[in-house]
Amino acid sequence: MEKLKIVFMGTPEFAVGILDTIIKNNFDVVGVITAPDRPAGRGQKIKFAAVKDFALKKGLPILQPTNLKDEAFLSALKALNGNCQIVVAFRMLPEVVWKMPKYGTINLHASLLPNYRGAAPINWAIINGETETGVTTFFIDEKIDTGAMILNAKTTILENENAGQLHDRLMALGSETMIDTLHLIEKGKVQTTIQTENPNQKTAYKLNRDNCKIDWKQSGEQIVNLIRGLSPYPTAWCLFKDNNQEWNVKINKASFEREIHDFKIGQIITSKKELKIAVKEGFVKIIEIQFPGKKNMAAAELLNGLLFSSNAIAV
């Protein structure tokens, strides 16, 4: 079989880890496709995607199409002369793109498919209280994350692990799995498994302001899982209200303490060093919190400079 000439498509840090491993394993990456540069932050300065930053340092050819069906982009992609495309955390490809290479277009997804198809598989696995997840490589087809599977690899989700920590472990596991997948393609030994639909399978919906808001009426375990699953980014949030004041706060770390009590759901209870919220069957103890305009800090540090009344409530 001829040598693989890989076109890599990806955008965030997760994709960088995979691309780096591919290069370190001496595969020939002939080009990188990533998102267009966009203004970001208060100053609206132009920000490069993580994959572009990495590709520039490696001297790799870069394409940044706004329209994946644009004839100029398709011509430039074809000119890279790739015979295999790898997609990691990019966008949905039109058929003209994913059908282009001789050996197919392979996607690495951070879940055990068909569970958690979609934009945020790492986050939702933790939010939903899963104890196991993994990565899957598959050939792209016309739908999102539905193609024939090549390999998967499993890992346990640790009890107090957050999304950032799991992200890093899955990036390493995904790198190994992608290399194994490429070796199978090189040797012509790929055997695929068709995904079977399951009525109970779960979806990794895109994260937004609404599904990142804490509902204090949920169980303590569900609330802590939401906080873990959104930490360090985009972060679970809620409103703290105390008399005539209101703060939009982000909560990065918490634990659940089961205890019978008579407090109102959402009531904020504080001591000199402890901040907790009353929930069903116990309290959610806040360990790390961020107030507007402030850095993320330990709850004990916040309480050094802020007093709550007995009327304070989280909503």
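Guide: Start at Phe 240, which is buried, with a relative accessible area of 0%. Buried means under 20% relative accessible area, exposed means over 50%, and partly exposed lies in between, using a 1.4 Å probe and protein chains only. The model is predicted, so local features need pLDDT of at least 70 and side-chain atom pairs count only at pLDDT 80 or more, while totals for chains, interfaces and linings use all residues. Residues are numbered from 1 along each chain as its sequence is written, and side-chain values use heavy atoms, leaving out hydrogens and water.

Now the ring pairs. Rings of Phe, Tyr and Trp (for Trp, its six-membered ring) pair if their centres lie within 6.5 Å. Planes under 30 degrees apart count as stacked, over 60 as edge-to-face, and the rest as tilted. The rule gives six aromatic pairs.

Phe 240 and Phe 308 make one of them. Their ring centres are 5.9 Å apart and their planes stand at 75 degrees, so this pair is edge-to-face. Phe 240 belongs to strand E12 (residues 236–242), and Phe 308 to the loop between helix H8 (299–303) and strand E18 (313–314), so the pair ties together parts 68 residues apart in sequence. Helices (H or I, at least four residues) and strands (E, at least two) are DSSP runs, numbered from the N terminus. Phe 308 is also buried, at a relative accessible area of 12%.

Next come Phe 263 and Phe 283. Here the centres are 5.8 Å apart and the planes are at 70 degrees, so this pair too is edge-to-face. Phe 263 sits in the loop between strand E13 (245–258) and strand E14 (268–270), with Phe 283 in strand E16 (residues 282–290), so the pair ties together parts 20 residues apart in sequence. Phe 283 counts as buried, at 1% relative accessibility. Phe 263 is partly exposed, with a relative accessible area of 38%.

The charged end of Lys 276 sits over its ring, 4.3 Å from the centre. The rule for that asks for NZ of Lys or CZ of Arg within 6 Å of the ring centre and within 35 degrees of the ring normal. Look at Trp 237 as well: Lys 213 lies over its face, 5.4 Å from the ring centre.

Last, go back to Phe 240.
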